[in-house]
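Please look over the sequence and the 3D view below before reading the briefing that follows.

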Amino acid sequence: MELHGLEEIDILAIDTEGLDYEIVSGVLDEKLRIGAVLFEFINMRLSDFNELISRLEASGFVIARSGYDILAVHREVLKRYLTNLLPN
């Protein structure tokens with residue numbers, strides 16, 4: 001990511017059939033600003049899943065689950081969009 005000067009990702013959608021943990025973990029290690037992450041955990045070890053969810057929450061993400069998919073949205077993104085939806 002550094003090679004391309006990437007500092008921010010709006011939405012990161014991952015469907016890598018078993019490498020989701022490694023990719024999400026690596027992106028979190030890069031300290032990029034990420035608005036939302038969508039990934040599946042069907043092929044993930046329970047310990048890796050729990051660690052990833054803890055790291056996402058500690059990084060400011062709100063977690064939603066649907067089936068084997070996880071949508072993690074950063075609190076700042078939620079705050080910005082929800083504030084814009086409220087009437088003045």
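Glutamate 17 sits in the loop that joins strand β1 (8-13) to helix α1 (20-29), where helices (H or I, at least four residues) and strands (E, at least two) are DSSP runs numbered from the N terminus. This is a predicted model, in which local features need pLDDT of at least 70 and side-chain atom pairs count only at pLDDT 80 or more, while totals for chains, interfaces and linings use all residues. Residues are numbered from 1 along each chain as its sequence is written, and side-chain values use heavy atoms, with hydrogens and water left out.

**The loop residue**

- Although glutamate 17 is not a glycine, its phi is positive, at about 50°.
- Most residues other than glycine have a negative phi.
- Glutamate 17 counts as exposed because its relative accessibility is 57% (exposed means over 50%, buried under 20% and partly exposed in between, with a 1.4 Å probe and protein chains only).

**The sheet**

- An open sheet of mixed pairing is formed by 4 strands in the order β1-β2-β4-β3, where two strands pair if DSSP finds at least two bridges between them.
- β1 and β3 (61-66) are the edge strands, each pairing on one side only.
- From one strand to the next, the twist averages 15° (angles run from 0 to 180 degrees between N-to-C directions, and axes are lines fitted to C-alpha atoms, for helices over the stretch in contact).
- β3 pairs with strand β4 (residues 69-74) in the antiparallel sense over 6 bridges, and alanine 64 stands opposite leucine 71 in β4.

**The helices**

- α1 lies across β1, β2 (33-40) and β3, and runs at about 170° to β2.
- Helix α2 (residues 46-58) packs on the sheet and touches β2, β3 and β4, with its direction at about 140° to that of β3 (contact means heavy atoms within 4.5 Å).
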